[in-house]
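I opened the notebook to record what I looked up in this structure. The entries follow in the order I made them.

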Amino acid sequence: MAVIIHFFRLRTKPRIDYEKLIYFFDGLDYCTINTNDDNVEMVCTDPVFDFPYRFLITKRSRVNSIYNLNSEYYNINLLVEIPSVLPEFVSRGILKFISELCHLFELDIYYNGVKDIEPFDMTKMISYLAQERSDYFEDHKDLERHYVKREKLNQICNFQQMLPYLPDKLKGEAEANPYLVFVDNRNQEVVFSIIWKLGTAMLFPPHLDYIHIEDENQFTTIVPAPVFFKYAEKHMYEIKDFLPNMRLLLLHGRNVNRVKKLMRKFRKVQESATNFNEIRIIDLIES
């Protein structure tokens with residue numbers, strides 16, 4: 001299920017330049033364009049959270065109530081489909097892009113949550129998407145849900161979003177890897193981990209339940225994070241001012257080998273991979 005937003009333009013403005021519009025999407029690294037007899041499809045794959053959503057330029061209007069809308073606008077036959085079930089942090093990223101699109105091409109919007117065409121309003125759209133998600137779950141009570149505290153999930157998403165920029169901040173001194181998300185099959189709780197390649201300098205984010213340690217032979221040892229940090233944290237130091245309200249620990253230099261030598265202790269408490277089922281961040285919901 002998806003929330004559909006339709007785009008309109010005031011008749012007093014010049015007609016939309018579709019070539020310029022398509023060129024705009026074609027210039028995005030994370031967008032692919034497909035055409036057929038009925039529409040032009042621009043599929044955007046979120047570069048951070050790796051899921052698709054699409055824009056369509058259609059031959060005919062797909063707005064059911066178009067004759068009841070403000071006649072001072074015309075439908076440019078552009079729409080976007082936003083997945084109904086996403087964490088708010090992720091939805092906000094799509095909405096920010098839509099806001100920029102509206103500003104660039106002087107567009108206004110219409111969707112089922114409003115009576116008429118109106119300017120894009122971020123706060124209103126976030127509220128509408130939250131209600132749509134709630135209604136979707138109400139209609140699909142059997143759907144599996146994975147809840148995480150809002151502040152915690154926002155911090156995790158923020159770290160994930162900042163990953164492309166961290167190498168410059170770290171000046172090549174350490175790696176920063178994305179979160180791994182699992183459901184623990186023993187209690188159905190959501191848990192978080194990260195891959196540490198044994199012997200490499202590494203930035204460790206907060207909210208970790210496990211550490212996946214990958215050795216030179218690509219064998220992975222899954223270690224409970226409390227045990228890992230009990231022995232390893234004294235060899236790390238806290239990085240401040242990288243990300244707001246987030247405790248980041250850096251392991252680098254000679255300390256990398258000191259922690260590497262602790263593998264015998266870590267292997268004694270390793271977990272079986274069969275205890276976990278991997279999911280995605282976009283499968284999570286704020287609680």
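Which residues in H3 are buried? I worked from a predicted model. In H3 I listed Met 125, Ile 126, Tyr 128, Leu 129, Glu 132, Arg 133, Tyr 136 and Phe 137 as buried. I noted the general rule that an α-helix has 3.6 residues a turn, so residues three or four places apart point the same way.

I then checked what this buried set packs against, and found strand E1 (2–10), H2, strand E6 (108–110) and strand E16 (284–286). H3 itself covers residues 122–139, 18 residues in total. From its first C-alpha to its last it reaches 26 Å, close to the 26 Å expected at 1.5 Å a residue. At the N-terminal end of H3 I found a cap, Asp 121, with a side-chain oxygen 3.1 Å from the backbone nitrogen of Thr 123.

Next I looked at the whole protein. I recorded 287 residues, of which 49% count as buried. The protein has eight helices and 16 strands, and its C-alpha trace spans about 70 × 45 × 35 Å along the principal axes. Of the contacts with a separation of 6 or more, 61% are between residues 24 or more positions apart.

I went on to the nonpolar cores. The largest has 94 residues, and Phe 7, Phe 55, Ile 98, Trp 196, Phe 204 and Phe 228 have the most contacts inside it. Helix H2 (residues 88–105) gives the largest share of this core, nine residues. Apart from it I found another core, of six residues, including Val 191, Tyr 210, Ile 222 and Phe 276.

I looked up Ile 98 separately. Not counting residues up to four places away in sequence, Ile 98 touches Ile 5, Phe 7, Phe 55, Val 80, Ile 82 and Phe 120.

How do H1 and H2 pack, and at what angle? I read an angle of about 145° between helix H1 (residues 18–26) and H2, with the axes 12 Å apart. Their crossing is right-handed. On the H1 side I listed Lys 20, Leu 21, Phe 24 and Phe 25, which meet Phe 97, Leu 101, Leu 104 and Phe 105 in H2.

My last entry is on Gln 160, in helix H4 (residues 150–162).

Methods: Residues numbered from 1 in each chain as written. Predicted model: local features only at pLDDT ≥ 70, side-chain atom pairs only at ≥ 80, totals over all residues. Heavy atoms only, no water. Core = buried A, V, L, I, M, F, W, Y, C linked by side-chain atoms within 4.5 Å. Buried < 20%, exposed > 50% of the residue type's maximum accessible area, 1.4 Å probe, protein only. Helix = DSSP H or I, 4+ residues; strand = E, 2+ residues; numbered from the N terminus. Contact = heavy atoms within 4.5 Å. Expected span 1.5 Å × (residues − 1). Polar contact = N/O pair within 3.5 Å; in protein donor to acceptor, adjacent residues only side chain to side chain. Axes fitted to C-alpha atoms, helices over the stretch in contact; angles between N-to-C directions. Left-handed = near helix turned anticlockwise from the far one by under 90°.
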